[in-house]
Amino acid sequence: MKRSSLFLASVALCLGAGAARAQEQTSMAFVVNAASDFWKLAEAGVQAAQAEMPDYDMQFRYPAQGTAAGQNQLMDDLVASGVDAIMISSVDPGNSIDAFNRIAAQIPLFTTDSDAPQSNRIAYLGSSNTAAGIQAGEIAVAAMPQGGRCMGFVGFLGADNAVERIAGFRQAVEGSGIELVDVRGDDVDFARARSNVDDVLAAMPDIDCMVGFYSYNPPKIYEALQAAGQLGEITVIGFDEDPITLGAVREGSFAGTVVQDPYQWGYQGMHLMAAYLGGDTSGVPEDGLIIVPTVIINQSNVDAFEAQLRERLGG
């Protein structure tokens, strides 16, 4: 009986020590803006960083709703649970400054994908959305040497990444005879994203170019054009690497797409936060901007790009 009691006490002691180690483990979270296949690559990057740094607890989190309020609640919950640093893709950075500053006063806060430079975030790691928009405009100029009228489609019209991509596109096509007539927002509602394209096809027959500024917009453009029998008749410029988008580039239905590197956002983001929490701030530049370049994908390089994607996703 005495020997059994000693054994149970020993087991309890070991379990307690394990729980203490788990509580002491540095925890970091990557918070995205909405549920989308686009974020699978960022999650793969976080997982790769986790494999290299097993002593850290790394979380990849989707908000219950793709709203600023939903993100802010998730960040509050993460801080309350003991997370030591957060990297976030903000839905609405302009209206989230107070919430971001509240979080930043408690733990280090970093941004990705869509920056909040007016907040007290430590740094932004992601694309230059202006540069990406310029690249999209360059695709349009090469595909439409005679000019044309374009309609844009995007998720959050007010998000910095959308505003900057649209401005970059307009900058690139200036003087080319190409006009971005308007941009329709959908608030990451996929049904609305599709209906926006259908509405333009019905009401604006003079539109001969479409630009999908968020990852799911080009596939919705593809669906609508295919249903209307107009696939290949309207020039389409995409963003990101949805399989439908890449397939359309391969078959020539899309002129091209501008791809970001969310895998590196997740991978580098975890390493950056781990170093910062350890007292190493050398990875944070003076301007607080860590830019991961974007790339134009067209028929000449789409196969090589897809091979890289499969490798990163483990398939």
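Visitor: Is phenylalanine 60 buried or exposed?
Guide: This is a predicted model, in which local features require pLDDT of at least 70 and side-chain atom pairs pLDDT 80 or more, while totals for chains, interfaces and linings use all residues. Residues are numbered from 1 along each chain as its sequence is written, and side-chain values use heavy atoms, without hydrogens and water. Buried means under 20% relative accessible area, exposed over 50%, and partly exposed in between (1.4 Å probe, protein chains only). Phenylalanine 60 has 13% relative accessibility, so this residue counts as buried.

Visitor: Why is the pair of phenylalanine 190 and tyrosine 216 classed as tilted?
Guide: Rings of Phe, Tyr and Trp (its six-membered ring) pair if their centres lie within 6.5 Å; planes under 30 degrees apart are stacked, over 60 edge-to-face, and the rest tilted. Here the centres lie 4.8 Å apart, and the pair is tilted because the planes meet at 40 degrees.

Visitor: What is the angle between the planes of phenylalanine 30 and phenylalanine 60?
Guide: These rings form a stacked pair, 5.3 Å centre to centre. Phenylalanine 30 is itself buried, at 0% relative accessible area. The angle between the two planes is 10 degrees.
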